[in-house]
Amino acid sequence: MGSVRKASAWLGLVDDNDDERYYDDDYSEGTDAGDAWVTDPRVKVATDVAEEKGRRIATVTPDSFRDARSIGELFRDGVPVIMNLTAMEATDAKRVVDFAAGLIFGLRGSIERVSTRVFLLSPADTQVISGEPAAHRSDGFFNQS
């Protein structure tokens with residue numbers, strides 16, 4: 001696999017394997033006519049209490065590059081954003097990732113790949129803590145030796 005292909009696979013823009021046995025293509029989320037969304041249903045933000053305490057995370061599932069603006073506005077306001085690009089064409093997804101890279105560079109944030117075509121954009125004042133397996137902990141918790 002070439003370096004460009006590896007980079008594209010890491011960004012989730014192309015499939016790096018053909019193993020699709022865990023995915024169900026027939027699954028579709030039904031939309032209920034009774035849902036009362038006040039905002040765009042592709043952007044989900046926590047309650048007002050969480051907003052007052054500064055504990056908000058937004059999830060955005062853009063359909064096209066035009067939706068990148070909502071990602072930028074949330075991130076600019078200091079809200080960590082989870083971008084789910086699985087519903088986009090590969091070319092538009094690449095443009096959104098490029099936009100996000102410029103956004104995090106300009107605002108001194110960070111970007112992490114969560115899974116294929118899903119990224120976490122973290123503002124500069126947000127610390128992302130990755131889970132460390134219990135076997136590697138050094139705090140002595142459950143240490144039998």
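## A buried loop residue

Leaving aside neighbours within four places in sequence, V79 is in contact with R56, I57, A58, L74 and P123. This is a predicted model. Where does V79 sit in the chain? V79 lies in the loop between α3 (68–76) and β3.

Is V79 buried or exposed? Its relative accessibility is 2%. Buried means under 20% relative accessible area, so V79 counts as buried. R55 is 24 residues from V79 along the chain. The C-alpha atoms of V79 and R55 are separated by 8.2 Å.

## The whole chain

Now the overall layout. The protein chain has 4 helices and 5 strands. Read along the sequence, these elements follow the pattern α-β-α-β-α-β-α-β-β. The chain has 145 residues, and 26% of them count as buried.

Take the contacts between residues at least 6 apart in sequence. Of these contacts, 48% join residues at least 24 apart. The chain exposes about 11,000 Å². Carbon and sulfur atoms supply 50% of that area.

Strand β5 covers residues 118–122. How many of its residues are buried? The count is 5 of 5. In a regular strand the side chains alternate between the two faces of the sheet. In β5, V118, L120 and S122 point one way. F119 and L121 point the other way. Residues of both sets are buried.

Which strands pair with β5? One is β3, residues 81–84. β3 and β5 pair in the antiparallel sense over 4 bridges. The other is β4, residues 110–115. β4 and β5 also run antiparallel, joined by 5 bridges.

## The hairpin and R117

β4 and β5 form a hairpin with 2 residues between the strands. R117 is in the loop between β4 and β5. R117 takes a positive phi near 65°.

Is R117 buried or exposed? R117 has a relative accessible area of 14%. That is under the 20% cut-off, so R117 is buried. Which residues does R117 touch, not counting those up to four places away in sequence? They are L11, G12, L13, M83, N84, L85, T86, M88, E89 and A90. M88 also takes part in a polar contact. Its backbone oxygen lies 2.8 Å from a polar atom of the side chain of R117.

## Helix α4, face by face

Helix α4 spans residues 90–106, which makes 17 residues. From first C-alpha to last, α4 reaches 24 Å. That is close to the 24 Å expected at 1.5 Å a residue.

Which residues of α4 are buried? They are D92, A93, V96, V97, A100, L103 and I104. Seen down the axis of α4, these buried residues fall within an arc of 140°, so they line one face of the helix. The face turned away from this buried side carries the exposed residues T91, F105 and G106. Just after α4 comes R108, which takes a positive phi of about 55°.

How values were computed:
Residues are numbered from 1 along each chain as its sequence is written. This is a predicted model: local features need pLDDT of at least 70, side-chain atom pairs count only at pLDDT 80 or more; totals for chains, interfaces and linings use all residues. Side-chain values use heavy atoms; hydrogens and water are left out. Buried means under 20% relative accessible area, exposed over 50%, partly exposed in between (1.4 Å probe, protein chains only). Two strands pair if DSSP finds at least two bridges between them. Contact means heavy atoms within 4.5 Å. Accessible areas come from the Shrake-Rupley method with a 1.4 Å probe; for residues, only the protein chains shown count as cover. A polar contact is a pair of N or O atoms within 3.5 Å; within protein, one must be able to donate a hydrogen and the other to accept it, and residues adjacent in sequence count only if both atoms are side-chain atoms. The expected span of a helix is 1.5 Å times one less than its number of residues. The arc is that of the directions from the helix axis to the C-beta atoms.
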